[in-house]
Amino acid sequence: RFRNLTIQFVRAVAENYFDGQPTQYPEELEIRGNWELYITIYHQGDIKGEGEWKGKDEVLSLVLEEATRNALEERGQSLDKEDIKDVRFLVSFPDQEFSFIEYNGEGKELIENLVIIRSLDKELILQKIEQGKEFLLRAVHEDEHGFYKKYDTLNDDFGNRLHTVYSASIIYTLLKIYDFDKDERILEGVPDWGDFLLSMQSKDEETYGAFHYSYYFKSREKEPRFVVGTTALSIFTLLDLYNRTSDSKYLESAKSGGNWLTTMQEPDGWMKAYKEYENGKWVYGEKKSLLYNGQVLSALSRLYKVTGEKRYYDAAEKIARCFTEKVEKEGCYLGDDYRSKNSISSAWVVMSLLDFFKVNQDEYYKDIILDCSSELLERQKQDMDEPLYYGTWDRAYSTSGNGWLAEVMMEMYKFCQEQNMG
């Protein structure tokens with residue numbers, strides 16, 4: 001209530017400033033104390049005014065009024081009465097590390113410039129799914145039908161290339177959303193999106209079956225870089241498309257990708273990370289990546305389940321053994337040549353072994369899956385006094401990383417149900 005009253009009062013001060021009307025002071029804000037506060041005015045994403053006021057033994061409403069007027073009177077701001085309807089006010093109490101921003105007439109709590117959601121319900125989750133879907137549908141190139149990697153909000157720019165791995169993952173995600181909400185736009189887009197994905201698969205003898213990492217659409221050049229994770233995640237999507245459409249072109253493409261992946265496996269079972277044409281010759285990524293190996297293990301396990309072709313199982317089993325040996329030696333909290341020990345890499349071991357367990361139900365793998373997923377749960381942060389980090393995982397700093405970990409936990413939940421484990 002305090003945040004809402006404060007925001008409403010600040011807006012009233014601003015509106016009265018342009019109307020030349022006196023301000024009415026709410027009794028609830030007649031709080032006397034030592035105050036230091038800042039008012040920032042945003043209009044269409046730009047800062048249009050900043051004002052501050054400090055006072056000892058003063059009434060809060062008077063301090064808020066002065067800071068708001070200072071922001072409005074700041075030299076260079078060009079707001080008028082009509083603009084005020086569309087601005088947002090940020091109120092900060094730096095000495096108390098407390099701030100909030102206006103949204104729909106309310107004051108929303110901020111921590112480190114992020115709006116904190118103190119309660120989560122189904123309606124909010126549905127809203128975020130819808131917003132995420134709409135963003136993904138905007139992230140496709142209208143002519144090429146591939147998807148961009150990221151969006152630069154400041155410059156309103158998606159960049160100059162389309163990424164295969166993000167295209168595959170977005171198609172896969174949108175298909176899952178279709179299962180949920182039956183948005184026909186998704187099915188309408190599938191043929192073109194699928195064709196883009198197929199077009200990124202190499203037909204050259206040296207890299208036959210692998211997927212180019214990205215495509216520069218202005219120069220129409222495909223990047224001569226082939227990452228095993230890109231091909232693995234493309235297989236995820238191709239198998240899903242085959243399952244939904246029964247179109248053999250998707251299965252044949254997935255098998256070609258799987259065949260190439262088997263050529264990238266070292267004798268000890270670990271995968272080379274990539275193959276790239278550089279300075280007139282082919283070079284290989286020699287560092288070990290749990291992320292890439294996990295993606296390949298999952299892809300080959302799924303491919304074997306659909307085709308029954310033993311070469312995919314044999315290659316998958318080698319990676320599974322690499323993972324279990326690493327767990328036996330180092331425990332469940334794992335890192336690799338790219339990253340020190342972290343929850344995301346550890347989760348890929350769990351997720352990929354889950355896929356492998358579907359084609360080899362040895363209790364040994366099940367025990368490792370359960371032990372390592374339980375340890376992941378212990379690494380989730382549960383301190384409710386730290387709302388910015390509550391629910392995140394140790395050494396998982398991005399929204400995508402924490403989202404991925406939540407996805408793995410959902411797969412574990414379904415796995416436990418299937419195993420009648422409550």
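Is Phe-2 buried, exposed or partly exposed? Phe-2 is partly exposed at a relative accessible area of 30%, where buried means under 20%, exposed over 50% and partly exposed in between (1.4 Å probe, protein chains only). The model is predicted: local features need pLDDT of at least 70, side-chain atom pairs count only at pLDDT 80 or more, and totals for chains, interfaces and linings use all residues. Residues are numbered from 1 along each chain as its sequence is written, and side-chain values use heavy atoms, without hydrogens and water.

**View 1. The ring pair Phe-2 and Phe-93.** The structure holds 25 aromatic pairs (rings of Phe, Tyr and Trp, the last by its six-membered ring, with centres within 6.5 Å; planes under 30 degrees apart are stacked, over 60 edge-to-face, the rest tilted). Phe-2 and Phe-93 form a tilted pair because their planes stand at 45 degrees, with the centres 6.4 Å apart. The pair links distant parts of the chain, 91 residues apart: Phe-2 belongs to helix α1 (residues 2–19) and Phe-93 to strand β3 (residues 88–93). These elements are DSSP runs numbered from the N terminus (helices H or I, at least four residues; strands E, at least two). Phe-93 is buried, at 1% relative accessibility.

**View 2. The ring pair Tyr-17 and Phe-18.** This pair is edge-to-face, with 85 degrees between the planes and 5.2 Å centre to centre. Tyr-17 is partly exposed at 25% relative accessibility, and Phe-18 is partly exposed at 26%.

**View 3. An aromatic cluster.** Phe-2, Trp-35, Phe-93, Phe-98 and Phe-100 make up one cluster.

**View 4. Charges over rings.** Lys-272 lies over the face of Tyr-284, 4.3 Å from the ring centre (NZ of Lys or CZ of Arg within 6 Å of the centre and within 35 degrees of the ring normal). Arg-302 lies over the face of Phe-236, at 3.9 Å from the ring centre.
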